[in-house]
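The following note concerns backbone geometry. Please read the points below alongside the sequence and coordinates.

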2 protein chains.
Amino acid sequence: MALIVVKFGGTSVADVARIENAADKIVREVERGNQVAVIVSAMSGVTNQLVGYCDEVSQLYDTREYDVVVSSGEQITAGLMAMALQKRDVEARSWLGWQIPIRTDETHGKARIAEIDTTEISKRLKKGEVVVVPGFQGVSERNRISTLGRGGSDTSAVALAAALKADRCDIYTDVDGVYTTDPRIVPKARKLNRISFEEMIELASLGAKVLQTRSVEMAMKHHVPLQVLSSFEDHIGSDLPGTLIVEEDDIMEQELVSGIAYARDEAKVTLLKVPDTPGVAARIFEPLSEAAVNVDMIVQNISADGKATDMTFTVSRADLPKALETLGNLADLDDVDIIATEDVAKVSVVGVGMISHHGVASKMFATLAKKGINIQVISTSEIKISVLIAEEYTELAVRALHEAYGLES
Amino acid sequence: MALIVVKFGGTSVADVARIENAADKIVREVERGNQVAVIVSAMSGVTNQLVGYCDEVSQLYDTREYDVVVSSGEQITAGLMAMALQKRDVEARSWLGWQIPIRTDETHGKARIAEIDTTEISKRLKKGEVVVVPGFQGVSERNRISTLGRGGSDTSAVALAAALKADRCDIYTDVDGVYTTDPRIVPKARKLNRISFEEMIELASLGAKVLQTRSVEMAMKHHVPLQVLSSFEDHIGSDLPGTLIVEEDDIMEQELVSGIAYARDEAKVTLLKVPDTPGVAARIFEPLSEAAVNVDMIVQNISADGKATDMTFTVSRADLPKALETLGNLADLDDVDIIATEDVAKVSVVGVGMISHHGVASKMFATLAKKGINIQVISTSEIKISVLIAEEYTELAVRALHEAYGLES
């Protein structure tokens, strides 16, 4: 008997028929004698609709009220899933974030889970009851609904698995695993049977939409065995059919490059002729951080005259209005031209094998150069190299790189 | 300065534009120096969609999970309304049922409000903050979301007004007041400037959809001045333009009949040859009551042989499956034929003046007879006479009665 947390994404619960299909999988896990906690996303399209309402009221909405609105999507699915399980004669009950409670900090719209009180739900699981929890939501210290940011249901699942010390966390989604790149762009992309947490984090943070970055980080930290699998195939998680995300040491054959990722939800901000005074970078990026804007790639050039410098960085497109508003209020930037564009994409090469090999970066630059693609910004880590390019070249770059590193199946 | 509770129905918050329009009315009340608590319904269509999902999963769904699903509709509107008010530089905050809390009993799907803790929201109102509360929802003793039944947002509004000792409760809806009958059936129907609580209760319980019955009962009990007005006209509640619902004594000229109401959401159940043993009625209706099925009209005939009797009663159509399931489990009815039909409508004549006048009932029966409409069941109270007829005659009956009692404008 194992304790399993299973998570169903938006397309896996897109309508009642799919919720019923997901319920069937849960029943099969229960029939094998497993204790099951379920995390559900909103039915696909619902969150976008709710976010759309908020944007329609105001671009600068209060995130506390945003959380009240958007958290309802998962709440709906949780109730329906509990009903679908009950119809199958499985004891089930929904538990909202404030009922468990799943305590978070006060960063509404992007909250972080502080603590999950498992007292009551553990009792229910031991009695054989299936516990259904809406993903993406928690409750803040001030007793208001908080949400974890887009894709937060993955984080909910891993956090719950860690809190319950679950044997496994199965993420059911609309793809059957993690691929070397997006199969919609490269039809020959290959499914990976295993991938390390580190690589998965890079792939996730770089736009491979299979898992939310934070969820993989959390799984790595808490040693939660994580599995990605399709809810549209006839197997269940206990049969181990998808992509297993494991510790680096558990991967037998290390490949040089595991995959090519891309992200279109980037925006580029360039500050022209920033006064080159000590601490100016801190005075720019600290307020952005306080405004909860995640800054990704940063490039700064030393200017010819030593008096002013140009600075470029990227933020997520959703954060761009807030970033520009924050920058507009900075005294340091009073005479600085701020240029922003959403017309960019980030393309990345990821692989643990990179650490011990040379030439990965130069092959990337040469491949892009050969296709006439200009590199705007470069950013590297031990296991990935990312470049910012004009958005229109995204597919071309991904295909060229996938072929250059020999990732085809 | 007055403390006002305003409630906006589903069509008044049907989309973001209408939410903004409602927010404008609230702002005008605030600008007059009034403290305002707002109750919002779900955007029109949303509750039906959510109930549809539940029905699709199972006709016999768990009402605790039903409440989790359907309560989200009002939650969404509450968050959006708070945003819309904030955009207008009015301090506003949403307060969900469990946050206030609005305590109810455990009758999920049809819960009754037990207590509203106004400590925190009173503090906010005194500070000039607008308090936005989703209607229709509360929290049960076991800390689960409960809902008050369809139309429950009116009850939420009146209960909140009573708890806050509000000076007035304004119900904004898609009609500009209470009419002598449905203007869609009788174009000459006349708007009533004032109506007594008692008449409004009968009209509401008989299908006039302007206000939920329970809300009017509660307003009468707690002496909450109630006002029905249109959210689509340019006035606000403080200008008193709709229909005022008041104590009977406050109505100057008493009319014989105030209005003609009808209800199509009735179902008729007939039990043929029920054993005529002592207590059989109790053994039939107690289980229905325990199953939270509201039985309305009841007729029982004494049978010729004294051994068996026929019994007819009506329930709301929504309750019919539950009623039939309950009856099917009763040992007393093992050999009884149960005939159910949804093909009926209830038409009623309502008026406080009826108490002191004769001939109201006979005029009703004569009017229907002249049109060839068969009366299936009759039920009377001090201020109303209701008859059950075949549904297809509804409009004809309403028009004939409206004319017979001289209610045209």
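Strands are DSSP runs of E with at least two residues, and helices are runs of H or I with at least four, both numbered from the N terminus. This is a predicted model, in which local features need pLDDT of at least 70 and side-chain atom pairs count only at pLDDT 80 or more, whereas totals for chains, interfaces and linings use all residues. Residues are numbered from 1 along each chain as its sequence is written, while chains are lettered from A and ligands numbered from 1 in the order in which they are written.

1. Most residues other than glycine have a negative phi, and most peptide bonds are trans. The points below are to be read against that background.

2. In chain A, Ile100(A) and Pro101(A) are joined by a cis peptide bond, with omega near -15°. Pro101(A) belongs to the loop that runs between β3 (92-94) and β4 (102-104) of chain A.

3. In chain B, the peptide bond from Ile100(B) to Pro101(B) is cis, its omega being near -15°. The loop between β3 (92-94) and β4 (102-104) of chain B contains Pro101(B).

4. Asn143(A) is not a glycine, yet its phi is positive, at about 65°. The residue Asn143(A) sits in the loop between β7 (137-139) and β8 (145-147) of chain A. Asn143(A) is exposed because 12 other C-beta atoms lie within 10 Å; the cut-offs are 12 or fewer for exposed, 20 or more for buried and in between for partly exposed, counting other C-beta atoms within 10 Å of the residue's own, with C-beta atoms placed from the backbone.

5. Lys273(A), a residue other than glycine, also has a positive phi, near 60°. Lys273(A) is placed in strand β16 (residues 266-275) of chain A. With 15 other C-beta atoms within 10 Å, Lys273(A) is partly exposed.
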